[in-house]
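Hi everyone, thanks for coming. Today I'd like to walk you through one protein model, a piece at a time. Have a look at it first, and then we'll start.

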Amino acid sequence: MTLHRHPRPLFPLAIALMIGMVLGERSAAHMAPWAVVAGACVLAAALVRLGRSWTAPVITFLFVFLGSQLIAPWVAPRFPANHITHWIDTGRISVSGRVEAVLPKARFGSRFILACEQIRAGPDILPVTGRLRVFASGAAPEMVSGDRVDLQVRIRPVHSYGNPGGFNYGRHLALQGVWALAKADGSGIRVRPGGSVFSWRDRLRGFRQKIADQIGLAVGTGPSAGVIRALVIGDRGGIDREQRAAFNRAGVGHLLAISGLHVGIVAAATFMLFRWLLAWLPCLLWRAWVVRCAAALTLVPVVGYGLLAGMSPSTQRAVVMVSVGLAAMLTQKDQDLLNTLAAAALVILLVSPPALFSVSFQLSFAAVLAIVYGLSCLPKHWRRGPGSLLSMAADFFWVSLLAQLGTLPLVMGYFDQVSLVGLAANILLVPLVGFGVVPVGLASAVAGRVSTIVATIGFQVCASLADVALALIHGFSELPFAAVNTFVLHGVEVLGAYALGWAVLNLIREPVPVTAAAINRPNVAARRRCIAAWSLAVLVLLGGMDTVYWLYRRFWHRDLRITVLDVGQGSSALVEFPGGATMLIDGGGFSDNAIFDVGQRLVAPVLRKKRIFTVDTVVLSHPNSDHFNGLTHIVSRFDVGRVWTNNMTAETKGYRDFSHALSKKGWVVVDFSALARHHVIGGVHVDILYPPATFCSTDPESLRGDPNDFSLVLRMEKDGLAVLFPGDITAVAEADLVRRVGQGLQSRVLVVPHHGSRHSSSPGFIKAVAPHVAVVSAGWRNRFGFPHPDVLDRYDRWGCRLFRTDLHGAVTFCVIDGRLTTETATTSPLIRR
């Protein structure tokens, strides 16, 4: 079948473009513009030469090629000589530029994206290009998009944590066109308003601010006010962390982001209103222009709502998608919704190729595709009720269910939680929010231009509806079974899940009656059902093989696996014993989890990628924030068998949160005095070597000296090969440990004590351990200067193979049959110095 006869010609083109972008993002194959033009000419010549039968494959290949080249400048850019990245690590410089986007405020400062225009180097002013992601500490002036600013910054490269399957922060910023970070003193930033070129934006910002002020005057600053601002003007600053968690747990987090649901409701309501009004005009009615004119007029409120909501990426995509649908109505042709969806995807991806890799883009299109395709496959009697009202209710049920199922594989691929009450919550809350809060809020905002009293009354009604919605959301989220933690689906598994959904939908699709005229033609429906049946059988078989694979990886393996995670300036190691038992030694952590929760953002994703839901043993070597703050999330969200500590505590909020989480979940905390010194787990001998059994955390005599010297020291041995975890002990404890244990310290692998501090790794300790391989867990460019050059020299003289998490990312050791294999998350060369 040639492409021009395809019933949905844009759909395969959109898929081909996406495939090309994925391949281009993976390979970063960048071709010169002349090569792209030459390739297109060759393909065109081949198309003319080969004839019409080759139209579809050649054009499809052309779109794959086009997709790979569209994404290449974002993942493998060729920076000009005046790009801002050439000033990385050059000290403090003066930069001027335009604020492209103001990001949500951080705890200790402001963040924004700056499009650089010029820098001052001595007496010279040089033009520059490129974007910076700026963090302004302290009290920075208020800024809005379009403002021009002058500031002094230190520019540094982007660094990503290197953990298996972890979030790639560098890739995330690169797809936004940002290749460097900057830090500035907020008090030294000088703001210059954008000028007349941005006057329309200024007026729009002023209008949005007036609406926000009216909402505040009408309903105060409570939770409902934050919800109204989020739904009307796209300002989610009033939604705190607990509210977001409740929305997500109830499965309605999408209601807070103005996307296809909100824009579609506005479009449907205004279209019906315009069509009813225009039907009273005979000149339009007789020419059958009512629908066309209504569609054209509907574009105005759709675009207006997008502008009012701030035109976030998800809002932009929704506006484009709805606008493409309305444009199709202007042609007065029979619309194919899948073709319209493909057209919207093509427009968005051609304008902004990185959108493909946005989670919100993928979720939006997956939901709409599942609804459109799923409804076309459902048997009619499944959607038909005894009355029109029940039929509408049935349709709404299927729409909600298909949207939930359509996004489920992606949700499991990106997030760690799936709501079990999402279907019920959406059935109740989508009508309440979509047909209540949103239209009443928008009508009140418009009315505010005429009458403040009317706007106030409208927003108060809106707040009453929002209060009901919030009560329902909190009711759903507080159910004990509201949400479950899930493992992470990998890319191939996500594709397999969607293929399984396609097969099931085509098997339940009603067969098309065969007419007498078509009796001798191939039965496309029958052939599709046959393909679906075979596909289902193959997918079930592959699913079974995938299950067996993960059972082996989790429970049936015979090797000892130890992964020293990259948690920045801290320490955390995951141990997977033969037979499936697991141990987490420390969890890393920043000084304050409000800044960055290492447990949630770094450690938990690794556990879920490995299908680990239960940590049999959590070990806290000592109560320093860079060791225990990351454990708070783990003990709160994972099942824990037991907890080992040295009984020491810390008078910090982070440690109180950790202790509260342990108490709330009821996990067993083994008292140090009752903790056995020798354990056998999966055939691996685990010994607690330090502190001595006589150590007592409540005895002042025992606590003399550096608290780091009371770290739990663990040694694991399998098949004669040992790994030593010494915590943060210093040279004093190292000498005591050597005296007490002697040759029992010898280990093939050593996790370098105290992140490579010069006060640890004494020559006597290194000689006693005699390591062949050492790994330093330290933060990239940390302020302590770890690992110290003297320490690197000591291990270099001993002849150790040295790994560093700040350079190599996570380091994984595998021990089986007396053999040791090592794997790093990144490809940095081994460090001997």
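This is a predicted model: local features need pLDDT of at least 70, side-chain atom pairs count only at pLDDT 80 or more; totals for chains, interfaces and linings use all residues.

Of its 833 residues, 46% are buried. And if you take contacts between residues at least 6 apart in sequence, 71% of them join residues at least 24 apart.

Now to the helices. Two packed helices are described by the angle between their axes and the distance between the axes. Take helix 12, residues 337–351, with helix 13: their axes are 10 Å apart and the packing angle is about 165°. How do helix 12 and helix 13 run, roughly parallel or roughly antiparallel? Angles over 145 degrees count as roughly antiparallel, so helix 12 and helix 13 are roughly antiparallel to each other. Their crossing is left-handed. On the helix 12 side, the contact includes Leu 337, Leu 341, Ala 344 and Ile 348, while helix 13 brings, among others, Phe 361, Phe 365, Val 368 and Tyr 373. Sorted by type, the residues of this contact are 13 nonpolar, no polar and no charged.

Helix 13 has another partner to show you. The axes of helix 13, residues 359–377, and helix 18, residues 491–508, come within 9 Å and cross at roughly 20°. Angles under 35 degrees count as roughly parallel, so helix 13 and helix 18 are roughly parallel to each other. This crossing is right-handed. Here Ala 366, Tyr 373, Gly 374 and Cys 377 of helix 13 meet residues of helix 18 that include Tyr 498, Trp 502 and Leu 505. The contact of helix 13 with helix 18 divides into seven nonpolar residues, two polar and no charged.

Seven strands form an open sheet with mixed pairing, and the order is 16-17-18-19-20-21-22. Which strands are at the edges? They are strand 16 (678–681) and strand 22 (801–804), and each pairs on one side only. Ignoring direction, neighbouring strands in this sheet are turned by 20° against each other on average. Inside the sheet, strand 20 (residues 749–751) and strand 21 (residues 773–776) run parallel, joined by three bridges. Leu 750 has Ala 774 in strand 21 as its bridge partner. Helix 23, residues 731–741, lies across strand 17 (684–690) and strand 18 (713–718), and runs at about 120° to strand 17.

Most residues other than glycine have a negative phi, and most peptide bonds are trans. The bond from Tyr 690 to Pro 691, however, is cis, with omega near -5°, and Pro 691 is in the loop between strand 17 and strand 18. Phe 786 and Pro 787 are also joined by a cis peptide bond, with omega about -5°. Pro 787 belongs to the loop between strand 21 and helix 25 (789–798).

For phi, look at Arg 611, where the value is positive, near 65°. Is Arg 611 buried or exposed? Under 20% relative accessible area means buried, and Arg 611 has 11%, so Arg 611 is buried. Asn 647 has a positive phi too, near 75°, but at 27% relative accessible area Asn 647 is partly exposed.

My last stop is Trp 644 in strand 14. Trp 644 has 1% relative accessibility, so it counts as buried. Val 619 is 25 residues away in sequence, yet the two C-alpha atoms are 4.8 Å apart. Beyond its neighbours within four places in sequence, Trp 644 touches residues including Met 583, Val 619, Leu 675, His 679 and Leu 714.

Definitions and conventions: Residues are numbered from 1 along each chain as its sequence is written. Side-chain values use heavy atoms; hydrogens and water are left out. Axes are lines fitted to C-alpha atoms, for helices over the stretch in contact, and angles run from 0 to 180 degrees between N-to-C directions. Helices (H or I, at least four residues) and strands (E, at least two) are DSSP runs, numbered from the N terminus. Angles under 35 degrees count as roughly parallel, over 145 as roughly antiparallel, 65 to 115 as roughly perpendicular and the rest as oblique. A crossing is left-handed if the near helix is turned anticlockwise from the far one by less than a right angle, and right-handed if clockwise. Contact means heavy atoms within 4.5 Å. Ala, Val, Leu, Ile, Met, Phe, Trp, Tyr, Cys and Pro count as nonpolar, Asp, Glu, Lys and Arg as charged, and the others, Gly among them, as polar. Two strands pair if DSSP finds at least two bridges between them. Buried means under 20% relative accessible area, exposed over 50%, partly exposed in between (1.4 Å probe, protein chains only).
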